[in-house]
Amino acid sequence: MMVPKMLEGLLQAVCIEKRSKSVFDPFVGSGTTMVEALRSGFDFAGQDINPLAVLLCQVKSGPFAIERLKTGQQELLSRIKSDRKRRIEVNFEGLWKWFTPTIASDLSRIRRAISGEEHKWVRRVFWVALAETVRLTSNSRTSTFKLHIRSKDDLSSREILTLDVFERVLTNIVDRLGVEAEGLRAKSLLGPGGVYRPDLEITLCDSSHSIKGPSTRKHDLLITSPPYGDNTSTVPYGQYSHLPLQWIDLKDISSSIDPEIIKTAYSIDALSLGGVRKNALDRVEGLRDCSSSLREALDNLASHPRDRSSRVASFCLDLDRSIDPILSSMKRGALMIWITGNRRVGGIAVPLDNILVELLEARGATFLHRINRRIPSKRMATRNSVSSTMREESIQILRVG
């Protein structure tokens, strides 16, 4: 769980060391690390498998054409208000489960109006506002990242003015981006057109397979928090992104997006770390010798239902598979900061911090220090039917060998 103030402190410490100039986050998520890196003037490269996460980072990284954004905002709202079409612009399984006809019609008006914006970054800002509007107006509960239908009483009593919700959300986003641009400009970090002066790359990519991007530059600082790939007891970011992505023009995120990635509510999570459990316990045997902590955790889970140990095995296999591509993008001697959360599965502690360190040390990395901190809040139950969720996270600091 990335916390801005914590990351700011870590980056300040790194600046004092005066060795790191380029930050890499292979699991960039909504861009918390990226934002703090930009504020500190670092070069930055980030990637993620979730298209909505990539879109959020694309918006937060500019180019900050704020005046064009403000003008575009007024033009957009005018186009929405003058649109009298009734056509529904999307069609996907579950459309009428998650949206009323009136809300679907209003969202379609917004979608058509956004498509009329010529400036790509401004259009992306509008898509982000639409994504949040979709979340707030759908029939899914907003108290969880998972897709859960609201109760009948709740649905029957709701009164939603979709266009008002969108305008409020958009205004808030525009205001925040304006403040962010002012801060970056005050540090002379923005060039003509609001472009961030240092190098910046955001890529849609599966980090467990390869590292992609327009440059082949190696980085000297890694800061990342791998997503926990067990939807049963952790945050299912793919489910959270599913409905918004149905309404967004995916070409504005990346021309290479496979539409299959949003076909079901579980498609993105299945591609994330630990998303596929098939034969995981057979495939994990080779990792037991690399990590005594993993071996002990799996042995302790041996008497429990098989699905619990397979969840742990699947996540650790994908995490291990991501390490070589990540290390290949780092300079020799580069500093690495990995933020992980330890969980209990079936009442058994799974020390992901130790497992990660052991997998990295097996590749020649040097462990330097560990910081443990309480997680202040998470949008999930403290307990559920199969596990206690994470209450504490661990920050591992290592050097690339």
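Let's start with one arginine: Arg288 is buried, at 17% relative accessibility. Buried here means under 20% relative accessible area, exposed means over 50%, and partly exposed is in between, with a 1.4 Å probe and protein chains only. The partner of Arg288 is Glu285, and the two form a salt bridge with the closest N and O atoms 3.1 Å apart. Glu285 is partly exposed, at 43% relative accessibility. By salt bridge I mean a side-chain nitrogen of Lys or Arg within 4 Å of a carboxyl oxygen of Asp or Glu.

Some ground rules. This is a predicted model, where local features need pLDDT of at least 70, side-chain atom pairs count only at pLDDT 80 or more, and totals for chains, interfaces and linings use all residues. Residues are numbered from 1 along each chain as its sequence is written, and side-chain values use heavy atoms, with hydrogens and water left out.

Back to charges. How many salt bridges does the structure hold? There are 21. Two of them sit inside helices. Helices are DSSP runs of H or I with at least four residues, strands are E runs of at least two, and both are numbered from the N terminus.

Take helix α2, residues 32-39. Glu36 and Arg39 both lie there, 3 residues apart, about one turn of the helix. Their salt bridge has its closest N and O atoms 2.9 Å apart. Glu36 is buried, at 5% relative accessible area. Arg39 is partly exposed, at 33%.

Now helix α7, residues 120-137. Glu132 and Arg135 are 3 residues apart in it, again about one turn. They form a salt bridge, with 2.9 Å between the closest N and O atoms. Glu132 is partly exposed at 25%.

Next, the core. A nonpolar core is a set of buried Ala, Val, Leu, Ile, Met, Phe, Trp, Tyr and Cys residues joined through side-chain atoms within 4.5 Å. The largest one has 72 residues. Phe99, Trp121, Leu130, Phe166, Leu177 and Trp247 touch the most other members. Helix α7 gives the most to this core, with 10 residues. Apart from it lies another core, of 37 residues, including Phe24 and Val357. In soluble globular proteins, nonpolar side chains tend to be buried together.

Look at Trp247. Leaving aside neighbours within four places in sequence, its contacts (heavy atoms within 4.5 Å) include Phe92, Phe99, Arg111, Trp127 and Leu130.

Now the strands. Strand β1 covers residues 22-25. Ser22 and Phe24 point one way, Val23 and Asp25 the other, and all are buried. In a regular strand the side chains alternate between the two faces of the sheet. Two strands pair if DSSP finds at least two bridges between them. β1 pairs with β2, residues 43-48, in the parallel sense over 4 bridges. Phe24 stands opposite Ala45 in β2. β1 is also joined to β4, residues 219-224, by 2 bridges, and these run parallel. There, Val23 stands opposite Leu221.

The path from β1 through α2 to β2 makes a right-handed β-α-β unit. Right-handed means that, with the strands pointing away from the viewer, the path from the first strand over the helix to the second runs clockwise.

Last, cysteines. A search of the whole structure finds 0 disulfides, that is, pairs of cysteine sulfur atoms within 2.5 Å. Cys205 is buried, at 6% relative accessible area. Cys290 is partly exposed, at 36%.
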